[in-house]
Amino acid sequence: MPKDQPAPVADTDRVAREAAALAEAPVEDDQDKAGEAPAKPIVVEGRRVGIGVDVGGSGIKAAAVDLDTGELIGLRHRVPTPQPSTPAAVCASIARMIRKIVKEVELEDEAPVGVGFPAVVIDGVTKSAANVDAGWVDFDADGALERVLKRPVHMINDADAAGVAEMRFGIGQGERGTVFLITLGTGTGSALFFNGMLVPNLELGHMEIRGRDAERRSAAVARVRRGLSWKAWAADLDEHLLAIEKLFSPRLFIIGGVVPATLRNDAGIVGAAMAAAEMESARQG
Ligand code: BGC
């Protein structure tokens, strides 16, 4: 199969079926409900609401999001990322979380789901898999998730999602010129904006510094893996940021992840929901 072709439809169907079956299993892995489930579903009449999901190397977070204010509505859920993080297992975890969210918040069937994912994502197809299972390479993620969730789904790169939220509601509001958002987690994510417009799938975590992927030294996980002090790790991170500065001369760096930007850990959820809503209205024409 040529590299730039998405997985065949049969594959998407098989994963969707597997995920739907797995999602039926009563798994209680919710770690961060940040409160108790409401007794009755929260009514959101008159508000534009979507669902945001943020898939990371160690956890998956999800919540309903007010698309006009960026506020989370109801509980924020978090489950550990399944290991191995195969498409079927991850899609099943997402399905379980969304099943809870739609019980807690009264959402229309057409409310779109946005998923931030740690890979290059082009037209809903995941193209890389640096810190997730190799099964994601050339996988039609939007297609499989739409079959499982029976809602419109749009997946985008996780750092791009966080950047969209920061530019709209956070520290990047109204910023012109070149702005970078860097996320520091299992990998190092990067998002580039020019005059508020996203240039997607930048992948500067994989630029080469000292002969290897920069994220091998700058990601938050790298500090722990290498047993470094914060100070020693900050010097490595600095080297990465300086290399980016030299190439792109940004006006502003927004650092998210372990050093959360203004929206704290919710930027990925909020931005995924917003990006999905925009892509869905473009699809509807
Ligand atoms: C991935 C990116 C992702 C970043 C942060 C990198 O390893 O290649 O796509 O944005 O990690 O999760």
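Around the ligand sit Pro118, Ala119, Ala130, Asn131, Asn157, Asp158, Gly187, Thr188, Gly189, Glu203, His206 and Glu215, each with a heavy atom within 4 Å of it. This is a predicted model, where local features need pLDDT of at least 70 and side-chain atom pairs pLDDT 80 or more, while totals for chains, interfaces and linings use all residues. Numbering runs from 1 along each chain as its sequence is written, and side-chain values use heavy atoms, leaving out hydrogens and water.

By class, that shell has three nonpolar, six polar and three charged residues; Gly counts as polar here.

| Side chain | Distance to a ligand oxygen |
|---|---|
| Asn157 | 3.0 Å |
| Asp158 | 2.5 Å |
| Glu203 | 2.5 Å |

On its own the ligand has 310 Å² of accessible area (Shrake-Rupley, 1.4 Å probe), and the protein covers 94% of that.

Now for the second largest pocket, which holds about 570 Å³ of space. A pocket here is an open set of points on a 1 Å grid over the protein atoms alone, with protein on both sides within 12 Å along at least five of seven lines; lining residues have an atom within 4 Å of a point. The volume is the space filled by probe spheres set on the points. Of its 27 lining residues, Ile156, Leu198, Pro200, Ala275 and Met279 are closest to the centre. The lining splits into 14 nonpolar, six polar and seven charged residues. Elements giving two or more residues to it include strand 8 (153-157), helix 4 (158-169) and helix 8 (267-284), where helices are DSSP runs of H or I with at least four residues and strands are E runs of at least two.

Technical notes. A polar contact is a pair of N or O atoms within 3.5 Å; within protein, one must be able to donate a hydrogen and the other to accept it, and residues adjacent in sequence count only if both atoms are side-chain atoms. On a 1 Å grid over the protein atoms alone, a cavity is a set of points where a 1.4 Å probe fits but cannot get out, and a pocket is an open set with protein on both sides within 12 Å along at least five of seven lines; lining residues have an atom within 4 Å of a point.
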